[in-house]
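Me: I'd like to go through this one with you, a question at a time. Ready when you are!

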Amino acid sequence: LLGAFRRYPDFVRSNSVLAVIFVTDAQEQGEEAVTDVLASLGQIKQLRDVVSYGIFNATDLNCDNNGGEEEWRVFGSRYGEFIQSTSGKAYPLCAPDFGMQLSDLGKDLVSRVSSPKLFLDARPLLSTLKVFHGGVEVPGGPRSSGGYWYYNVQMNAIVFHDLSFAPGDDEEVQVVFDEDTGVAQSI
C-alpha cells in the first residue's frame with residue numbers, strides 16, 4: 001500500500017478522501033505495527049481523510065467456513081485495528097445478502113466524500129452540541145425536519161447535508177460543545 005503511494009505520488013490528491021478496501025479470508029500477515037503504517041500513511045494523506053473497509057471471512061462476522069484458512073477474528077486483529085483507527089467498517093464475506101453489504105459500503109463512502117464535514121478535536125457531550133453561523137444557531141437534525149447538519153459518531157464530525165444557510169464561497173461556522181469526559185456525574 002505505502003510503496004504504491006510512494007511510486008505514484010500523484011494518485012493521492014490533497015482535497016480527496018482515500019478509501020482503502022480489504023477483501024480476504026485470511027488474517028493479515030504483515031510484520032509492521034499498524035501504528036507505524038498509519039504514521040507513514042499520515043505523511044502522505046491526513047488520516048482524517050482516510051477511511052477503510054474490510055470484507056472478511058472471519059468468525060466475529062458470523063462466517064464459519066474459511067475455505068481452508070485458519071479461523072480468525074477481525075476485531076483484535078491488525079485489520080480491525082486499522083479499520084477502527086480510520087473510522088471504517090467491516091462486512092462479512094459470507095453474508096447471504098452480500099449485495100446489501102456492498103450497497104451499505106457504497107452509501108457510507110458517498111456520504112464521506114460528498115458531504116462537507118467539520119472534524120472535532122474532542123468528543124462532544126451531545127446535549128450541548130450547537131452550530132452557529134453569523135451568530136445565529138443553525139438547526140441540526142434530518143433535512144426533512146428542517147435540519148442542516150448531524151453529528152457522525154464514527155468520524156467525530158459535524159456533517160452538513162444542506163449549506164443553504166451559508167450562501168457564500170468562504171463562510172465560517174462556529175461549533176460549540178462541552179467535552180464528553182465519559183465520566184458519569186451525579187448531583
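Me: Which residues in α3 do Val34, Thr35, Val37, Leu38 and Leu41 in α2 meet?
Reply: This is a predicted model, where local features need pLDDT of at least 70, side-chain atom pairs count only at pLDDT 80 or more, and totals for chains, interfaces and linings use all residues. Residues are numbered from 1 along each chain as its sequence is written, and side-chain values use heavy atoms, leaving out hydrogens and water. Contact means heavy atoms within 4.5 Å, and helices are DSSP runs of H or I with at least four residues, strands runs of E with at least two, numbered from the N terminus. On that basis, the α2 residues meet Arg78, Glu81, Phe82 and Ser85.

Me: Are α2 and α3 parallel, perpendicular or oblique to each other?
Reply: Their axes, lines fitted to C-alpha atoms over the stretch in contact, with angles from 0 to 180 degrees between N-to-C directions, come within 10 Å and cross at roughly 40°. Under 35 degrees is roughly parallel, over 145 roughly antiparallel, 65 to 115 roughly perpendicular, and the rest oblique. So the two helices are oblique.

Me: Is Ser52 buried or exposed?
Reply: Ser52 sits in strand β2, residues 50–56. Buried is under 20% relative accessible area, exposed over 50%, and partly exposed in between, using a 1.4 Å probe and protein chains only. Ser52 has 0%, so the answer is buried.

Me: How far apart in space are Tyr91 and Phe56, C-alpha to C-alpha?
Reply: Tyr91 is in strand β3, residues 89–92, and Phe56 is among its contacts. They are 35 residues apart in sequence, yet their C-alpha distance is 6.3 Å.

Conventions. Lists of a residue's contacts leave out its neighbours within four places in sequence.
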